[in-house]
Amino acid sequence: LMGLTAALAIPVGLGAAIYLEEYAKPSRLTSLIELNISNLAGVPSIIYGLLGLEVFVRVFALGRSVLAGAATLSLLLLPMVIMASREALRTVPRSIREACFALGADRWVTLRRVVLPMCMPGVLTGVILSLARAIGETAPIITIGALAYMSFLPDRLDSPFTALPIQIFNWVSRPQAEFQEVAAA
């Protein structure tokens with residue numbers, strides 16, 4: 001679930017951040033997009049669960065699958081990944097970009113060879129914090145219909161799934177001592 005969530009959210013979030021920071025011209029539309037991204041970062045996770053239930057489970061007919069869960073968690077992560085990546089891109093001084101242009105590099109080469117390697121620690125920090133938030137989220141996963149208990153690993157993208165917080169809650173609620181030990185671990 002988390003691997004697929006990362007595979008969906010990180011490229012899209014980084015691409016959006018690069019576009020907004022490096023390529024988009026300042027306009028009312030970009031200001032509106034930036035405002036909406038900032039506002040989406042503060043939306044409660046249960047709302048993302050309801051959105052995922054309607055869009056991924058019902059409209060796209062993905063069912064209660066790993067893919068629907070990963071897509072829902074990806075929506076939750078996108079604002080954080082975009083904002084952290086934009087801040088990391090802003091840390092690279094303008095003078096370094098201008099030096100690359102003076103040496104004959106175009107915008108893409110400058111971005112790929114100089115700017116991204118310099119800002120990658122900040123981007124990775126934002127990605128790690130985003131993934132840490134997603135690992136602990138239970139509300140959107142329960143809303144789209146994750147199982148409460150599983151004794152098998154999902155083997156396909158359309159398999160039923162659960163998340164670690166749901167599994168731990170289930171183990172704690174069982175009376176056997178073995179489950180209590182596993183949950184504590």
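Predicted model: local features only at pLDDT ≥ 70, side-chain atom pairs only at ≥ 80, totals over all residues.

Mentor: Residues are numbered from 1 along each chain as its sequence is written, and side-chain values use heavy atoms, with hydrogens and water left out.

Trainee: What makes the contact between Glu-87 and Arg-90 a salt bridge?
Mentor: A salt bridge requires a side-chain nitrogen of Lys or Arg within 4 Å of a carboxyl oxygen of Asp or Glu. The N to O distance between Glu-87 and Arg-90 is 2.4 Å, so the pair meets the definition. The two residues are three apart in helix α4 (residues 66-90), and therefore separated by about one helical turn. Helices here are DSSP runs of H or I with at least four residues, numbered from the N terminus.

Trainee: Which residues are linked with Glu-87 and Arg-90 in a network of salt bridges?
Mentor: The network also includes Glu-21, Glu-34 and Arg-86. The structure holds 10 salt bridges.

Trainee: Why is Glu-137 called buried, whereas Arg-133 is called partly exposed?
Mentor: Buried means under 20% relative accessible area, exposed over 50%, and partly exposed in between, with a 1.4 Å probe and protein chains only. Glu-137 has 14% and is therefore buried; Arg-133 has 25% and is therefore partly exposed. These two residues form a salt bridge, with their closest N and O atoms 3.4 Å apart.

Trainee: How do you know that Arg-94 counts as exposed?
Mentor: Its relative accessibility is 51%, so Arg-94 counts as exposed. Its salt-bridge partner Glu-98, at 45%, counts as partly exposed.

Trainee: What makes the nonpolar surface patch that contains Leu-35?
Mentor: Leu-29, Leu-32, Ile-33 and Leu-35 make this patch of about 370 Å². Patch residues have over 30% relative accessible area and no salt bridge; like charges are joined within 9 Å, and nonpolar side chains (Val, Leu, Ile, Met, Phe, Trp, Tyr) within 5 Å. Leu-35, in helix α2 (residues 28-40), has 47% relative accessibility and so counts as partly exposed.

Trainee: Why are α5 and α6 called oblique to each other?
Mentor: The axes of α5 (residues 94-102) and α6 (residues 107-136) come within 10 Å and cross at roughly 140°. Angles under 35 degrees count as roughly parallel, over 145 as roughly antiparallel, 65 to 115 as roughly perpendicular and the rest as oblique. The helices α5 and α6 are therefore oblique.

Key: Areas by Shrake-Rupley, 256 points an atom, 1.4 Å probe, with all protein chains shown as cover. Axes fitted to C-alpha atoms, helices over the stretch in contact; angles between N-to-C directions.
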